[in-house]
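Thanks, everyone, for making the time.

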Amino acid sequence: MSGRTVRVWLVAGVAGLAATLLGALADPRQAAFSYLTAFAFATTLAVGALLFVMIAHVAGGAWFVTLRRLTETVAATLPALALLALPVLVAMPALYPWVPPLDGLAPHLRELVRHKAPYLNVPFFVIRTVAYFAIWIGVGACLRRWSAAQDGGGDAAALVARQRRLSGGGLPFVALALTFAAFDWLMSLEPEWYSTIYGIYVFAGGFVGAIALVTVLARRAERARRLEGLVTVEHYHALGKLLLTFVIFWAYIAYAQFFIIWIGDVPEDVSWYALRLRGSWGAVAGALAVGHFALPFAALLSWRLKRRPAALGAVAWWLIALHYLDVYWLVVPTLHPDGARPHWLDLAALAGVVGVAVAFGGWRLRGVALVPASDPSLAAALRFETS
């Protein structure tokens, strides 16, 4: 990414954050929910990319070597996102009904919140958020540093083995951090409701979005001739198969959560879906069912489409947009239970968070080779053919 492009993204990000701050003076709750949506969208993509890198290391996927640096760069935006978490912490009273005072809550809900106070309290929430980012940033930084060390003449085989060991040992901690972050940042918006599968649902959406983002970035890098001849049709085909697999996985988890809760018919549980399946929110749910599953599922079944980078890139862009809609559907009904109300602050917050994250990622990419030339698996990656 050129210095000029980084500056453009940074200007867009700063302008978006400034607009969000100004909007918060007039409508603090709308600004808080719009910002949380953008923040959760970007963070799940970054953590999804980190998990993608770690899973590839554990699986020994040689084909992924030519795409690894791009994916590491997406995960490398996590330090910026850690700073961008500060407005969420500041806006906690506007977001979370369990933050004292509890005078505005119904008596039964007030009692429930008090029962959950050992976990749902402001100091512990802040500590957990810091811990989540410490885990993600620590693991991502080590993997990226050891990957870059391959270009400096280090023992490439030993460095790969080190990355594989850290990935295998760190996967449970990174995954659990994402699960509890989903519980804290998103599920606790409605503290009377819970689902043990919720974290997996958030992971599934973020992982689909991360694979889609890597597909888009690979296409752009190839067109800029930075990966020309290094990313082939076979690599796109592999990415397409992964997209198909995890689109199905996302739909399965979404249906499993809905089916179990709906058939249980417990009022406190069903109320979460009742809110999101009526009126215009029901239309959004339908759009997710069709747009996040049915349409990409049908498209990605095509062998030819998965081997056409331009067509696969279009599907990837679509899935990134639908991931944002998915997060929006999780967050904003809490603010607007009567129906969807798109607001200019949604775009401002999205521009702010994404602009700063992309600019930071582009800055960290400067001077870094997009392919680890000394990696022992590079030759196999270049010869890769998918079945």
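Before anything else, a word on terms: when I say helix, I mean a DSSP run of H or I that is at least four residues long, and the numbering of these runs starts from the N terminus. Please also keep in mind that what you see is a predicted model.

With that settled, let me begin with helix 16, which is followed by G367, a residue whose phi is positive, near 75°. Helix 16 itself covers residues 344-365, and because 22 residues at 1.5 Å a residue should span 32 Å, the 31 Å between its end C-alpha atoms agrees with that expectation.

Stepping back to the whole chain, we count 17 helices and zero strands. The radius of gyration is 21 Å, close to the 21 Å that the globule rule gives for 387 residues, so the chain is as compact as a globular protein of that length. Along the principal axes, the C-alpha atoms fill a box of roughly 65 × 40 × 40 Å. Of the contacts between residues at least 6 apart in sequence, 81% join residues at least 24 apart, and buried residues make up 53% of the 387 in the chain.

As for the surface, the chain exposes about 16700 Å², with carbon and sulfur atoms supplying 69% of that area. The side chains include 30 positive and 20 negative ones, and the centres of these two sets lie 11 Å apart.

Let me finish with helix 9, residues 156-185, where we find L178. Is L178 buried or exposed? Its relative accessibility is 7%, and since buried means under 20%, L178 counts as buried. Setting aside residues up to four places away in sequence, L178 touches V47, L51, W136 and F203.

Beyond its neighbours within four places in sequence, Q163 is in contact with several residues, among them H57, R68, E72 and W146.

How values were computed. Residues numbered from 1 in each chain as written. Predicted model: local features only at pLDDT ≥ 70, side-chain atom pairs only at ≥ 80, totals over all residues. Heavy atoms only, no water. Helix = DSSP H or I, 4+ residues; strand = E, 2+ residues; numbered from the N terminus. Expected span 1.5 Å × (residues − 1). Rg over C-alpha atoms; globule rule 2.2 N^0.38 Å. Buried < 20%, exposed > 50% of the residue type's maximum accessible area, 1.4 Å probe, protein only. Contact = heavy atoms within 4.5 Å. Areas by Shrake-Rupley, 256 points an atom, 1.4 Å probe, with all protein chains shown as cover. Lys, Arg positive; Asp, Glu negative; His and termini not counted. Charge placed at Lys NZ, Arg CZ, Asp CG, Glu CD.
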